[in-house]
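The structure goes in here before any entries.

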Amino acid sequence: MSDPIFDPFSFAVHADPYPFYRRLRDEHPCYWSEGARCWVLSRHADVFAALHDWPHFSNTGGNVIDDSKAKLGRTVGSVDPPRHTRLRALVNEAFGRRRIAEEAAFLQAAAARVVEGVAGRPGFDLVRDVTSPLAGEVMAHLLGIAGTDLVQFKRLIDLSMYRDPETRSRTAEGEAAQAALFGLVAQQVEARRANPGEDMITALLTIEIEGERLEGDSVVWMARAVFGAGFESTSSFLANSVLALMAHPGVREELAADHALIPDAVEEFLRWETPAQRFARTIAQPVELHGKLMRPGEKVMLAYGSANRDERAFPEPDVLDIRRRPTRHLGLGHGIHFCAGAALARSVARVFLGAVLDRLPVLERAEDGPIDWAHSPTFRSPVSLPVRAAT
């Protein structure tokens, strides 16, 4: 049975988490969700503190509520220091700000090409035709798997993300998709072992930090995590940003008139509709908070999406204000597990929004009814979003 106060597997939460978050923050800031068998922290101060306290809030149990045991210890999201420090250095070399700066021309061209592909059409699906192809092309290019079937990859990612609200787990089809994704990435890793290139997979295979290199299937798990999370979070963030423009025509007018406002708008979009809404930790040492005792081994969900709408941290948090400059937002996390792809997310969003504002008309939804949101305990992502030129 779904928890009436907060269940991260609930379709009602996926459709609109914000009323649930508000109740959590006001009445149950440290809440035990019986259905999900985890604690939920919802206030900005508590989530922020937990992100900086890995000795108590450990990543060794994974960073999603039902992480695969086979992945644990093999990705930056499933380890603590000192191993995290070395793995993070490997990823930073392959995926950091310098590498993204080198790809500026590619990102600009890719965004322009994808947006141009729908310009002039009377209607299109924002996710299927725009944000998913762009996110997929960018991630494939960076990892060195260009030319693969990105539609198939996205379908498998969607299936692996889905959680049944009753069983609170992947379906059999989702488990098969998860295995298929691992197999496809493993093929790419083996191809790069045989023929190294100038790409992220090659970097993960060859970079050495303090005498350590990734061995065995750790490269596959790392590449799978980077590709899957990067593909999904980038696509959802871009779609959520356009949704924000559609809901706030005045903001669109401001940005269209002055592209210099786009970088600050990107930060506000990250705060206002956070793509990765909830990440998990495992209690490593007893923590007492708001009169509740969290014991070692228990799971805790850090609700980034709630923290980013907390009036204790942001004045009028439900208002989209592109001049806000929300420097302590958690749209990309914080602390040692701050999103490794932050530079990429910001760069892609800036060039994408510039292209949308320059080449597309004012958009509106082409269908009535609720948006089809992904049924995931982690991401807030529209699965499909038909749009058309506003009348």
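I begin with a rule: the expected span of a helix is 1.5 Å times one less than its number of residues. Helices (H or I, at least four residues) and strands (E, at least two) are DSSP runs, numbered from the N terminus.

I note that this is a predicted model, where local features need pLDDT of at least 70 and side-chain atom pairs pLDDT 80 or more, while totals for chains, interfaces and linings use all residues. Residues are numbered from 1 along each chain as its sequence is written, and side-chain values use heavy atoms, without hydrogens and water.

Entry: helix 7.
I looked up residues 126-143. These 18 residues should span 26 Å at 1.5 Å a residue, and the end C-alpha atoms, 24 Å apart, agree with that. I found a bend of about 35° at Ser132, with Pro133 following within four residues; the bend is the angle between axes fitted to the seven residues ending there and the seven starting there. Just after helix 7, Gly144 has a positive phi of about 90°.

I recorded an open sheet of five strands in the order 1-2-8-5-3, with mixed pairing. Strand 1 (30-33) and strand 3 (57-58) are at the edges with a single partner strand each, so one side of each has no neighbour in the sheet. Strands pair if DSSP finds at least two bridges between them. Strand 3 pairs with strand 5 (residues 278-283) in the antiparallel sense over two bridges. Which residue of strand 5 is the bridge partner of Ser58? I found Thr282.
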